[in-house]
Amino acid sequence: MVIYLDNIIFNMQQSGEESSRWAQFIRDLLPMPGIQLRFVEYRNAIANEHRYKLDLLRRGHLYVMRNLWLTRHLAVRIDGYTTPFIFHSSGYRLCDSPNAVNIITVDHHFKPSLHNNYALRRCDRIISTSRAVHAALPLHLKAKSTVVSTKKSNTNIALSVLKLYRSALTAAQSPTAVR
C-alpha cells in the first residue's frame with residue numbers, strides 16, 4: 001500500500017498540538033510492515049520543532065515542493081500510479097491524480113472556509129479527531145467521516161487509520177467505484 005502524507009501542517013505551525021500529533025502519527029506508521037510511505041512537504045518544514053526530530057529522508061521518499069504561499073491551496077499532482085494510492089493531508093489539500101484516494105484529518109480547530117469546505121466535499125474520507133468534531137461537520141459530510149479519537153494510544157490511532165486506508169483503497173478498487 002502506497003501512502004503519501006502531506007506534511008503541510010509543519011509549514012503552518014512552528015510548533016503546536018496539530019504538528020505534534022502529526023509527527024507522532026508519522027513515527028507510529030514508519031515501522032509498520034506492508035506500507036510504502038512517501039512525504040510531500042515544503043522546503044522550510046524542517047523549521048518546525050516536531051518535523052526537525054523526524055528523519056524522513058532515510059525512511060521514505062520525500063517530495064519537496066516550492067512556493068508555499070502560491071501553492072498552499074492548490075491540489076498536489078502525483079503521477080505514475082495506475083492503481084489507487086492514499087493521499088492523506090494534514091491541511092485540507094487534495095491530490096488531483098486520478099488514482100488518489102484523498103483523506104483529510106479534521107481537528108478541533110476546524111473553521112469553515114471556502115477552501116476547507118471545497119476540500120472536504122471533494123475528499124474520499126474524513127478523519128475526525130473527536131466525536132465533537134464529527135458532530136460539528138455539516139450533515140452531508142458525516143457519512144464519509146470516521147472518528148479516530150486522539151485519546152487512544154498512539155499505536156491504536158495508527159492502526160485505526162491503517163484500517164481506514166485499507167477500507168478506502170478497497171472501495172476505490174471496486175468495479176462500482178465512481179472516481
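Glu17 is partly exposed, with a relative accessible area of 42%. Throughout this tour, buried means under 20% relative accessible area, exposed over 50% and partly exposed in between, using a 1.4 Å probe and protein chains only. This is a predicted model, in which local features need pLDDT of at least 70 and side-chain atom pairs count only at pLDDT 80 or more, while totals for chains, interfaces and linings use all residues. Residues are numbered from 1 along each chain as its sequence is written, and side-chain values use heavy atoms, with hydrogens and water left out.

**Stop 1**

The term covers a side-chain nitrogen of Lys or Arg within 4 Å of a carboxyl oxygen of Asp or Glu. Side chains of opposite charge can pair when their charged atoms come close. Arg21 is partly exposed too, at 23% relative accessible area. Both residues belong to helix H2 (residues 17-29), where being 4 residues apart separates them by about one helical turn. Helices (H or I, at least four residues) and strands (E, at least two) are DSSP runs, numbered from the N terminus.

**Stop 2**

Trp22 is buried at 6% relative accessibility, and Phe25 is buried at 9%. A pair of aromatic rings is described by the distance of the centres and the angle of the planes. Here the pair is tilted, with 5.6 Å centre to centre and 45° between the planes. For reference, rings of Phe, Tyr and Trp (its six-membered ring) pair if their centres lie within 6.5 Å; planes under 30 degrees apart count as stacked, over 60 as edge-to-face and the rest as tilted.

**Stop 2: the ring cluster**

The whole structure has 4 aromatic pairs. Next, select Tyr4 and Phe85: the ring centres are 5.4 Å apart with planes at 65°, so this pair is edge-to-face. Tyr4 sits in strand E1 (residues 2-6) and Phe85 in strand E4, so the pair ties together parts 81 residues apart in sequence. Both Tyr4 and Phe85 are buried.

**Stop 3: a salt-bridge network**

The structure holds 5 salt bridges. Which residues are linked in a network of them? Select Arg77, Asp79 and Asp96. Arg77 reaches Asp79 with the closest N and O atoms 2.9 Å apart, and Asp79 is exposed at 55% relative accessibility. Arg77 also forms a salt bridge with Asp96, at 3.4 Å between the closest N and O atoms. Arg77 lies in the loop between helix H5 (68-71) and strand E4 (85-89), and Asp96 in the loop between E4 and E5, so the pair ties together parts 19 residues apart in sequence. Arg77 is partly exposed at 48%, as is Asp96 at 42%.

**Stop 4: the two sides of H6**

Finish at helix H6 (residues 114-122), whose buried residues are His115, Asn116, Ala119 and Leu120. Look down the helix axis: these residues fall within an arc of 125°, so they line one face. The arc is that of the directions from the helix axis to the C-beta atoms. What do the buried residues of H6 pack against? Show strand E5 (100-106), strand E6 (125-128) and helix H8 (139-142); contact means heavy atoms within 4.5 Å. On the face turned away from the buried side, you will find exposed Leu114 and Arg122.
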